[in-house]
Amino acid sequence: MRNLIDSSIDWAKLGAHEKSQYKYDITEAVISRETGVLTITLRLNFIIPNLDVHKIAGIVAHQFGDLKDVKFNFIYENVFLTGEEIVSLFIPHMIDIVNGDYVVWTQSIIKDKFDFDGKKLVIHTLGKFATAQLNKNVAVLFKKLLNENFDMNVDVSFINDEENYEIASEKWHEAEETDIKRSVSDARASAARAKSDHSSKQTAGGGSAGTGNSAGGGNGFNGGNGYGGGFKRREREKEAPAEGNRIMGKNIDTPSVPMSGLAADSGLVTLEGILFKKEARPIRNEKKLVTLLITDQKTSTCLKCFCSNEKWEEIDKLLKNGDYIKVRGETEWDRYDNCLAVMIKDINKGKRAKRKDTYEGGKRVELHAHTKMSAMDGLNDVATLVKTAAGWGQPAVAITDHGVVQSFPDAAKTAKKLAGDKENPVNIKIIYGMEGYVFEDKGWYDQDGNLDYKTPKTNHIILIARTQEGLKNIYKLVSYSHLNYFYKRPRLPKSVIAQHREGLIIGSACEAGEVYSAIVRGVSDAELEEIALYTSVQLSEAYLMLNWRKSRHSMTIWKSSL
């Protein structure tokens, strides 16, 4: 998650600060069972640009396909940005927060134009009526948000920007005129195709290509419904309803080009990427100007299209943030938003190409995997995890959640369903395990034989069921850890594990395990071997650890070699 966040933030937008100054921690990640929404809580000393937040949410939603949405909860502490930097970065966030009842008015806010003197914040808007409503309903909300998040006690107001209103109005009309011209062009092309088809049918049927509706009949461009000769404007060709993966326009069969190579003169292009923001604003003739933002996780592109209200409702319903889409359209410089945009005609919903295991030798078996049942250490749905391992040809996969075993039933159910697929049966074995919190209980008993299980330091340990008896012992151990030794987390004394070790394979876990911790501390080879022998069934693993230590390779390389 940290790598995703780091790579998605446009650090240049945060001001002229050293990147090392920006600090954040992911303190919580919770998926609601009722809504399917993942809420990620971040504690940070800066403000992530609003657009980057949408991008991160879209990428996360795409990677975990079962999510309905991704939301962020930000806790700001020790923010070192200047007051002006805070205001500049936070205005788009405040708009998102208060949207809903006030979205009609917040659309008129000029996000990057404001006046701030440390005590008063004046935000520029477009339109007198919208400005009045913002001052009446939204100004007090913005003031509260700045005070609650940054202890900034400032007065907030909105001002109608007459100059920018005129400019925006001109651009708005230009955009509508562009739509009209496109409508005319589309209508002419449609009529030409219809006329050609009609002529072909007449000829094939023995009739004359020149018969049928003449210029005065009203169906051509020289007739009553055409555009020529000052006649009444013809309506745009009716939009075809969405069907299957085709959301708008036609099916796309042309190859995609990289977003990074787009230029104003790129012409007709095909792109694909993750949708992370969508919005629409009304224009004339009961139409919408739709804006979609997509990313390939390297760069982002703005997509626009003109469509009917009905088509926008389809787009809004069928496409959600995180969906992978393929589009085709003309690249041009957008004078309204002053950016490079692609005016799209075709939208197809697609699936991102899945990673494949192309190794020709023996397939990997993962012996340490977390699902979303691991609090703060896993977001994978167990069914997705099992399907992915099976799709890569792996013969088995271990489920080793932190201190719990709730994913076992769904893992077994998924494996059974895959094996029973009539068209493409796939067999995958579920290895049942758990990552426990182990501690050395020797020396922590009082004179009455009571164990102090709260004070000793815990390490991580992997318990894997080798036999049916081993599975029973895992169930016993997880119960003991929660009922008898729970303090902040379900703990397990080494002596209790030893009493229920039959049928278990014990692994060294992650960097919080005893083996890795001992290596970092620089213990002797003899002590390291003793630790490794406890956490491993085979002596060869202990030798591997010792040989690694002597070879002076990095820990990362050693872990991957296992």
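The model is predicted, so local features need pLDDT of at least 70 and side-chain atom pairs count only at pLDDT 80 or more, while totals for chains, interfaces and linings use all residues. Residues are numbered from 1 along each chain as its sequence is written, and side-chain values use heavy atoms, with hydrogens and water left out.

**The hairpin**

Select residues 109-116, strand β4, together with residues 120-125, strand β5. Strands here are DSSP runs of E with at least two residues, and helices are runs of H or I with at least four, numbered from the N terminus. The two strands pair (DSSP finds at least two bridges between paired strands), here in the antiparallel sense over four bridges. Next, select aspartate 115 and its bridge partner in β5, valine 122. Between the strands are three residues, and glycine 118 in this hairpin takes a positive phi near 100 degrees.

**The nonpolar cores**

A nonpolar core is a set of buried Ala, Val, Leu, Ile, Met, Phe, Trp, Tyr and Cys residues joined through side-chain atoms within 4.5 Å. Buried means under 20% relative accessible area, exposed means over 50%, and partly exposed lies in between (1.4 Å probe, protein chains only). The largest core has 54 residues, and Phe142 is one of those touching the most other members. Helix α3 (residues 83-98) gives this core its largest share, eight residues. Select phenylalanine 142 to find its contacts (heavy atoms within 4.5 Å), which include Met94, Ile123 and Phe158. Another core, of 32 residues, lies apart from the largest one and includes Ile430 and Tyr485.

**The salt bridges**

A salt bridge is a side-chain nitrogen of Lys or Arg within 4 Å of a carboxyl oxygen of Asp or Glu. The whole structure holds 18 of them. Select glutamate 314 and lysine 311, whose side chains meet at 2.7 Å, N to O. These two residues are three apart in helix α8 (residues 309-318), so about one helical turn separates them. Lysine 311 is buried at 3%, whereas glutamate 314 is partly exposed at 23%.

Proceed to lysine 349 and aspartate 323, whose closest N and O atoms are 3.6 Å apart. This pair links distant parts of the chain, 26 residues apart: strand β12 (residues 339-350) and the loop between α8 and β11.

**The cysteines**

Finally, select cysteine 307 and cysteine 305. No disulfide (a pair of cysteine sulfur atoms within 2.5 Å) is found anywhere in the structure. The sulfur of cysteine 307 has its closest cysteine sulfur, that of cysteine 305, 4.7 Å away, too far for a bond. Cysteine 307 is buried, at 1% relative accessibility.

Key:
Lists of a residue's contacts leave out its neighbours within four places in sequence.
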